Amino acid sequence: MTDRPPDYDVVIAGGGLVGGSLAVALAASDLRVALVEAEPHYSTRQPSFDERSIALSHGSCNILRQLGLWDALQADAFPITRIHVSEQRRFGNALLDAAEQGIAELGFVIKGRRLGAALWQRIEQLTSLEVCCPARVTATAPAADGRDVVVATPDGEQTLRTRLLVVADGARSPLREALGIAAAIDDYGQTAIVANVQVDRRYAGHTAFERFTPQGPLAVLPGADGLYTVVLACAREQAAQLCALADNEFLQQVQNRLGFRLGRLRKLGKRSAYPLALVQTAALTTERAVMIGNAAHGLHPVAGQGFNLGLRDAASLAELLISGRRQTAAAFDAGAESLLQRYTDWRLDDQRKVVAFTDGLIRLFGRRGRLLSHARGLGLAMFDTLPAGKRLLARQTMGLGGRMTRLARGLDP
Ligand SMILES: Cc1cc2nc3c(=O)[nH]c(=O)nc-3n(C[C@H](O)[C@H](O)[C@H](O)COP(=O)(O)OP(=O)(O)OC[C@H]3O[C@@H](n4cnc5c(N)ncnc54)[C@H](O)[C@@H]3O)c2cc1C
């Protein structure tokens, strides 16, 4: 280990949806930034950019607009104007309506693959950003005024020295472990099966559905030309059977859970399966390192919050780094303990609320019992009549709760 000064202010390990967004946000500064990503965005092994549909909150759309990505996304982004929440075979439901909240839409739906392509198209245009891809961070250790980051590339190994390492390598995050940050991984014992379905065009619209069933939750997201995305969560043992069913049999299973709100479901696309777990870390930072996105919190996808939460991590960190640099110029230290503490102070509350909300939904609707399900029905029905409660939930779901970033408010970071 030598005493040379750090070559970079920030090295980002993982250029998935969240790490990639941070790299784009930091391009608005003169910070020296490197992005290390294991899989090219067009690779079928890329874990972040696939056929899953991502429901973007209103706040996330603002951030993506400010990052200059919206023009590339707009044509493929489908607006959600209402979210309908219900429980199978129970009375009572709740509706969040954009018009009631005085806005045009609650958010948009976009394919993960499309979002990844737009992100990486932008990343490849950024001349100030050092991109190492395909390359994998394999180790890290404290160094003089910074941290050494060992990167394995097809041409061999190199060591980058940085003031701050941002860990954005996903929920399983081997780097989190290498940094000694403990994580509680709570396996839901469920798998999400994602597939596109064609709905009867007479029923197609802009409403997303959250439906709780005794077999597991179901989310149905709208898309262009009546092509909806189904996210069906079920016990892991059942998932293998459902994936093995013929298309018409699988469609029947979805129809049984959803009912006929969207008419008769037809034509099924390819099915993909994702094992589900709740991941919570004991800390968000350690010496000259910070965890963002799924590396800091892995969620059940039922409420469509994982990327939205991770994008708020990226936007907050970018704001702290850029404003810190502006204020202290050459003396700025991107890995300073005080900056990392301010990051934790800012993000912890939002992360805890979203984890509690998402996990709470799964556990509440996962419990059996007639009395309990009557109480849930009553709760949903009552909630539906409470404008103040709905407004609070809508703002949280839209990513507009708590302390908002400048990017989410439509300002430069
Ligand atoms: C079925 C499903 C539906 C979902 N729907 C929604 C939704 O509607 N709305 C929403 O907000 N969220 C949704 N999510 C969650 C969302 O997809 C994730 O929160 C998001 O992808 C997390 O992004 P990330 O960049 O933090 O992690 P990842 O997507 O896991 O990306 C990690 C990146 O790090 C790279 N990497 C890993 N190890 C290394 C290494 N050692 N060195 C370099 N690079 C490395 C990987 O190649 C990858 O590119 C859904 C998730 C699922 C499974």
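This is a predicted model: local features need pLDDT of at least 70, side-chain atom pairs count only at pLDDT 80 or more; totals for chains, interfaces and linings use all residues.
Trainee: How many bridges join β13 to β14?

Mentor: A hairpin of two residues leads from β13 to β14. Two strands pair if DSSP finds at least two bridges between them. For β13 and β14, which run antiparallel, the number of bridges is five.

Trainee: Which residue in β15 is the bridge partner of Leu218?

Mentor: β14 also pairs with strand β15 (residues 227-235), in the antiparallel sense and over four bridges. Their hairpin has five residues between the strands, and in it Asp225 takes a positive phi near 55°. The bridge partner of Leu218 in β15 is Leu232.

Trainee: How many of the six residues of β14 are buried?

Mentor: Buried means under 20% relative accessible area, exposed means over 50%, and partly exposed covers the range in between, with a 1.4 Å probe and protein chains only. Strand β14 spans residues 216-221 and is largely enclosed by the rest of the structure, because the number of its residues that are buried is six of six.

Trainee: What distance separates the C-alpha atoms of Ala195 and Val231?

Mentor: Ala195 lies in strand β12 (residues 183-198). With a relative accessible area of 3%, Ala195 is buried. Along the chain, Ala195 and Val231 are 36 residues apart, yet their C-alpha atoms are separated by 6.9 Å.

Trainee: Is Asp200 buried or exposed?

Mentor: Asp200 meets Arg202 in a salt bridge, with N to O at 2.7 Å; a salt bridge is a side-chain nitrogen of Lys or Arg within 4 Å of a carboxyl oxygen of Asp or Glu. Arg202 has 70% relative accessibility and counts as exposed. Asp200, at 7% relative accessibility, counts as buried.

Trainee: How many residues apart in sequence are the parts that Asp247 and Arg271 tie together?

Mentor: Asp247 forms a salt bridge with Arg271, with 2.7 Å between the closest N and O atoms. Since Asp247 belongs to helix α7 (residues 247-258) and Arg271 to the loop between β16 (266-268) and β17 (272-281), the pair ties together parts whose separation in sequence is 24 residues.

Trainee: Which helix holds both Asp349 and Lys353?

Mentor: These two residues form a salt bridge in which the closest N and O atoms are 3.1 Å apart. Asp349 counts as partly exposed at 45% relative accessibility, and Lys353 is partly exposed at 40%. Asp349 and Lys353 are four residues apart, or about one helical turn, in helix α9.

Trainee: How many salt bridges does the count give?

Mentor: One network of salt bridges links Arg312, Asp313, Arg347 and Asp350. By the rule, the count of salt bridges comes to 18.

Trainee: How far from an oxygen atom of the ligand does a polar side-chain atom of Ser48 lie?

Mentor: A polar side-chain atom of Glu37 lies 2.6 Å from an oxygen atom of the ligand. A backbone N or O atom of Ala38 lies 3.3 Å from a ligand nitrogen atom. For a polar side-chain atom of Ser48 and an oxygen atom of the ligand, the distance is 2.5 Å.

Trainee: How many of the ten residues of α1 are buried?

Mentor: Helix α1 (17-26) is among the elements that each supply at least two residues of the shell around the ligand. The buried residues of α1 include Leu17, Gly19, Ser21 and Leu26. Helix α1 is largely enclosed by the rest of the structure, because its buried residues number ten of ten.

Technical notes
Residues are numbered from 1 along each chain as its sequence is written. Side-chain values use heavy atoms; hydrogens and water are left out. A polar contact is a pair of N or O atoms within 3.5 Å; within protein, one must be able to donate a hydrogen and the other to accept it, and residues adjacent in sequence count only if both atoms are side-chain atoms.
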